[in-house]
Amino acid sequence: MAAANSSAGVKMASDGLWQGENPLDFALPLLAVQIAVILVITQGLALALRPLRQPKVVAEILGGILLGPSALGRWGAFRRTLFPAWSTAALDTVSGLGLLLFLFLVGLELDFRAVRRVGPRSVAIAAAGIVPPLLAAPGLVPLLNLAVPAPRHATFLSLCVYLGAALSVTALPVLACILKELSLLGTPFGETAMAAAAVNDIFAWALLALALAVSGGGGRDPKGPPLAPVYILASGAVFVALMLCALRPLMARLARRVGPDRAAGMVCSGAVACALLAGVVTDAIGVHPVFGAFVFGLAMPREGGLAERAVEKVAPLVSGLMLPLYFATSGLHTDVDNVRGAAAWGMVALVVAVALLGKFGGTFALAAGTGMPRREAAALGVAMSAKGLVELIVLNIGKERKVLDDTTFAIFVIMALTTTVLATPCMTALYRRPPTTTAPEGDAIELKGGGDNCPA
């Protein structure tokens with residue numbers, strides 16, 4: 001064991017049992033076993049939850065929590081054998097790479113024709129669901145300090161921005177899965193929900209970029225110059241402008257010149273390489289790498305079916321293998337035991353209430369006020385409360401930056417699970433689809449994950 005993970009570095013593979021070496025003391029065999037265990041556990045939970053019509057992300061997060069310190073990870077022999085501390089970096093890196101590629105796919109598949117078709121209403125609905133929980137965040141911070149008196153490494157502003165982002169986001173991929181499960185994806189209701197969620201997603205990334213800028217290295221003492229947040233935001237804005245206004249027309253012109261057949265052969269590897277490099281650029285700017293991959297996905301031209309070909313090639317591997325690892329590792333990093341005492345669990349209830357009522361109340365009020373039937377408006381409010389991918393990204397980055405301590409992280413993971421679990425049964429109870437309604441084929445936003453499996 002010592003030879004395998006000493007300070008000199010972790011050895012890739014063993015010399016075999018006959019040479020007296022345990023393969024699980026070495027990086028590659030252990031990673032393979034970890035991935036296999038995670039996939040078996042999460043797929044088993046997904047099958048168990050299928051009668052309840054829960055999105056796959058719920059099973060993946062629960063699987064990680066089950067394998068982590070909240071359950072099986074309490075058993076010292078299990079933790080030391082399958083998830084030793086020295087193996088964390090490799091598993092996190094693989095899952096992070098899957099997240100980066102998935103965000104590239106999300107950007108690639110966001111088609112704003114649906115947003116334009118729904119019109120300003122989608123923007124208004126998104127804003128109505130964002131503003132109340134965002135405004136509630138500054139009020140939650142003092143209560144959080146009282147309920148969870150852990151040492152804070154973040155400023156009041158950075159904590160407010162992170163909590164506001166976590167409370168106000170809507171998980172577009174999870175919402176797409178729920179609407180697909182309920183056969184609502186192509187209906188007017190589904191189009192409105194997906195268009196509003198797409199606007200919400202764009203806002204969430206802008207808010208996350210702001211959170212990353214103001215948090216800096218996560219401590220109260222800034223690492224760089226006092227104007228570093230301004231430099232980060234300005235550099236990020238320039239990056240987005242260059243990608244959308246300069247690179248996108250250039251790629252479209254190149255695709256037309258090369259021709260769709262030749263371009264299709266290069267698009268998959270070239271697009272993935274560019275997405276990875278875009279992530280490196282945004283990391284250098286001071287924003288998380290996933291932001292660069294997402295923006296590059298938005299910037300890729302849709303002409304000639306190039307985007308569809310890239311999705312067909314990349315999506316099955318990402319959604320079937322790499323993305324479940326990200327959700328599971330988020331669960332592995334969650335220790336529910338950190339939430340101790342009546343005050344901490346009261347904070348959980350308050351955070352869940354703010355996340356649900358803030359999104360639901362604002363969305364319901366505006367949708368009903370603009371003529372949508374009340375039951376449909378209530379179902380839309382529930383739909384916009386679904387969390388998942390973006391929520392976990394915000395929480396994990398906040399934990400990496402030391403803005404969120406372990407207890408706060410666990411509280412918000414519980415909130416994300418609760419709001420997502422409640423979304424499907426509440427929508428089923430509230431929304432009554434007319435029997436004559438059929439889902440039209442068109443430009444509705446849909447995130448493909450390979451076959452019948454939702455990507456998140």
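**Note on a predicted protein model**

1. Leu350 is located in helix H14, where helices (H or I, at least four residues) and strands (E, at least two) are DSSP runs, numbered from the N terminus. At 32% relative accessibility, Leu350 is classed as partly exposed; buried means under 20% relative accessible area, exposed over 50%, and partly exposed in between (1.4 Å probe, protein chains only). Together with Leu143 and Leu146, Leu350 makes up a nonpolar surface patch, and the three residues have about 280 Å² of accessible area together. Patches are made of residues with over 30% relative accessible area and no salt bridge; like charges are joined within 9 Å, and nonpolar side chains (Val, Leu, Ile, Met, Phe, Trp, Tyr) within 5 Å. Accessible areas come from the Shrake-Rupley method with a 1.4 Å probe, and for residues only the protein chains shown count as cover.

2. The model is a predicted one, in which local features need pLDDT of at least 70 and side-chain atom pairs count only at pLDDT 80 or more, while totals for chains, interfaces and linings use all residues. Residues are numbered from 1 along each chain as its sequence is written, and side-chain values use heavy atoms, with hydrogens and water left out.

3. The mean pLDDT of the protein is 81, and 86% of the residues score at least 70; pLDDT is the predictor's confidence in each residue, from 0 to 100.

4. The overall architecture comprises 17 helices and two strands. Of the 456 residues, 52% are buried. Among contacts with a separation of 6 or more, 81% join residues 24 or more positions apart. The protein exposes about 19400 Å², of which carbon and sulfur atoms supply 67%.

5. Helix H12 deserves attention for its covering. Spanning residues 289–299, H12 has 10 of its 11 residues buried. The buried residues include Phe291, Phe294 and Phe296, as well as Gly292 and Gly297.

6. The loop between H1 and H2 holds two residues of interest. Gln54 sits between helix H1 (27–49) and helix H2 (56–67). Is Gln54 buried or exposed? Gln54 is buried, with a relative accessible area of 15%. Its side chain reaches the backbone oxygen of Val421 at 3.0 Å. Apart from neighbours within four places in sequence, Gln54 contacts Leu49, Thr420, Val421 and Pro425. Arg53 is in the loop between H1 and H2 as well; although not a glycine, Arg53 has a positive phi of about 60°. With a relative accessible area of 33%, Arg53 is partly exposed.

7. Four salt bridges are found in the whole structure, a salt bridge being a side-chain nitrogen of Lys or Arg within 4 Å of a carboxyl oxygen of Asp or Glu. One of them joins Glu60 and Lys56, with the closest N and O atoms 3.9 Å apart. Because these two residues are four apart in helix H2, about one helical turn separates Glu60 and Lys56. Both Glu60 and Lys56 are buried.

8. Which side chain meets that of Arg74 in a salt bridge? The partner is Asp337, at 2.4 Å from N to O. Arg74 lies in the loop between H2 and helix H3 (76–82), and Asp337 in the loop between helix H13 (306–332) and H14, so the pair ties together parts that are 263 residues apart in sequence. Arg74 is exposed, at 53% relative accessibility, whereas Asp337 is partly exposed, at 26%.

9. A further salt bridge links the side chains of Asp406 and Lys399 at 3.5 Å, N to O. Asp406 is partly exposed at 42% relative accessibility, and Lys399 is partly exposed at 23%. Lys402 lies in the loop between helix H16 (389–400) and helix H17 (406–430). Lys402 has a positive phi of about 65°, although it is not a glycine.

Definitions and conventions: Contact = heavy atoms within 4.5 Å. Polar contact = N/O pair within 3.5 Å; in protein donor to acceptor, adjacent residues only side chain to side chain.
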